[in-house]
Structure formats: structure tokens, C-alpha cells
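I opened the model to look up side-chain contacts and helix packing. My notes follow in the order I made them.

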Amino acid sequence: MSIVPTNLDSLHQQEETFRTKALELLEADKKLRLHLQVVESAMNLADLHRQFETEDEDLKVTQILGMRIFNALGASLKLALSGYSQNSAIIMRDILETVFLLDLFRGDRAQIETWRFADRITRMKEFSPAKIRKKLDKRDGFTTKKRGEVYDLFSELAAHPNMKSSWMMRPQKNGDAVIGPFIEKEILTAVLSEMGKLAVQVGEMIDSFLPISWEGAKYARVEFHRVKTEWLQTFYTD
């Protein structure tokens, strides 16, 4: 006799059924599989990064953040393939925030030590998600606030309860919202596409903190570059 209540066990079986359906969609669509490949490649870099032995406390911070992203990508992917697209996107917002923080550290490594020792007031003043986006936009000379637009999209469609967030609970665009998991190719494609975009950024950030001379990461770096190039050529070449 299972210790799991009947309804929860039934829900799990439904999730596994939807995962099988999602994998069938992936099997039939090379472009969808490419998103998974770049996710795996980025996660491999994060796993290698945490294995690099160092006494540099600043580098250890980037290792911890890479581990956080690894876990988040794994959880987000599991949810997406099990039919929980909205919940998958909620986790992707967390990944986006962490990527932006790593990007800030990549451009100014002195910021890592400041962040490490910051109290709550300093952290909110200098390293809030909005503040980090402003610093990055200023650094890169961006005036269109694209980073903020992407962050707001994840917030409205997934993270914050509002009427727009119900869109991701509808298998059909003009249909009713449903309770529980479901797989619909258009929504699954949208979620995996955003995950692929994030994974490309994740890999680039992690790669920037890996010591160039470390032979242990050589193959994974080459493989990420190969998959990233294929991904970019597939989705960003006219």
C-alpha cells in the first residue's frame, strides 16, 4: 500500500504521462531538442565550475551562484516537461536575476566582495534586481531597457498573480484556464525557447569565470561553444 495519498499519486501519474507526451514532441522537433542541448551544455559548465578547487572567496561566490542556476535549470526543465509551464517560468525569472548578477560581477569583480559583505540595507540599495539592471544598461550603453522588459514579462506571466498570468494556464489561447498540468506544443515551445535563451547567457557567464588555463573544463567549453553557435544560427539567423 502506497504511503502517498491516492489523489497525489494520481497527479504524479498524470505528470509522468505528460512528460512522455512532451518527449514525443521533442523527438519530432529538432529545434525543440536544440533548446535542451544548450541547457545541458550550460549545466555542464556550471557543474565543472563548482569542481574547480580555489581559495579565492570571490570565485567561490560565482561557484555557488552557478550551483544555484544548475539546480534552477534542472527544476525548471522538469516542471516544463511535466506540464507546469507557468511554474517553470517562475523559476526562470530567478535564473534571469542570477545571470544579471553574474554579469555585473563579470564586468567589475570588485563588486563581488562588496556583495559578499553587504548587509540587507546595502544589498537592497546596491544590488536589487532593478538596480543591477540599471548598472548593466549604463555599463553597456543600453537605453531601450530590454533587460527590464524581459524581467517584467516573467513577472507578469508567471511570478505575480494577475489577469495576464492566467494566460499560461490555458491550453488554448482563447480557452478556459485549467487546474493541474497540461502539455500543449505552442506553450511548451515558448517556455523551452526562453529556457534556451537563458542557457546561452548562463553558459557565457560561467565560462567567463572559468580559469582559461584549466584543462579540466576544455572539452565542456568547446562543446558549449559548438552548441551555442548552432543555437544562435538556428534561431537568430535570417
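**Aromatic pairs**

I counted rings of Phe, Tyr and Trp (its six-membered ring) as a pair if their centres lie within 6.5 Å; planes under 30 degrees apart are stacked, over 60 edge-to-face, the rest tilted. The model is predicted, so local features need pLDDT of at least 70 and side-chain atom pairs count only at pLDDT 80 or more, while totals for chains, interfaces and linings use all residues. Residues are numbered from 1 along each chain as its sequence is written, and side-chain values use heavy atoms, with hydrogens and water left out.

I took Phe105 and Trp115 next. Their ring centres are 5.7 Å apart and their planes stand at 65°, so I noted the pair as edge-to-face. The pair links distant parts of the chain: Phe105 is in helix H4 and Trp115 in helix H5 (residues 110-117), 10 residues apart. Helices here are DSSP runs (H or I, at least four residues), numbered from the N terminus. Is Phe105 buried or exposed? Phe105 is buried, at 0% relative accessible area. Buried means under 20% relative accessible area, exposed over 50%, partly exposed in between (1.4 Å probe, protein chains only). Trp115 is partly exposed, at 24%.

I then checked Trp231 and Phe235. Here the ring centres are 5.2 Å apart and the planes at 50°, so the pair is tilted. Both residues lie in helix H10 (residues 218-235), 4 residues apart, about one turn of the helix. Trp231 is buried at 3% relative accessibility. Phe235 is partly exposed at 30%. Ring pairs join Trp231, Phe235 and Tyr236 into a cluster.

**Salt bridges**

I moved on to charges. How many salt bridges are there? I get 18, taking a side-chain nitrogen of Lys or Arg within 4 Å of a carboxyl oxygen of Asp or Glu.

One of them joins Arg139 to Asp103, with the closest N and O atoms 3.0 Å apart. This pair links distant parts of the chain, from Arg139 in helix H7 (residues 129-140) to Asp103 in helix H4 (residues 85-107), 36 residues apart. Arg139 is partly exposed at 38%, whereas Asp103 is buried at 7%.

Asp140 meets Arg147 in another salt bridge, 2.7 Å from N to O. Asp140 is partly exposed at 30%; Arg147 counts as buried at 12%. I traced a network of salt bridges through Asp103, Arg106, Asp137, Arg139, Asp140 and Arg147.

**Lys135**

I looked at Lys135 for two contacts. Lys135 forms a salt bridge with Glu126, the closest N and O atoms being 3.4 Å apart. The charged end of Lys135 also sits over the ring of Phe127, 4.8 Å from its centre. For that I required NZ of Lys or CZ of Arg within 6 Å of the ring centre and within 35 degrees of the ring normal. Lys135 is partly exposed at 23% relative accessibility, and Glu126 is partly exposed at 26%.

**Helix packing**

Last, I checked helix H3 (residues 57-81) against helix H9 (residues 185-209). Their axes come within 11 Å and cross at roughly 165°. The axes are lines fitted to C-alpha atoms over the stretch in contact, with angles from 0 to 180 degrees between N-to-C directions. H3 and H9 are therefore roughly antiparallel (an angle over 145 degrees).

Conventions. Helices (H or I, at least four residues) and strands (E, at least two) are DSSP runs, numbered from the N terminus. Angles under 35 degrees count as roughly parallel, over 145 as roughly antiparallel, 65 to 115 as roughly perpendicular and the rest as oblique.
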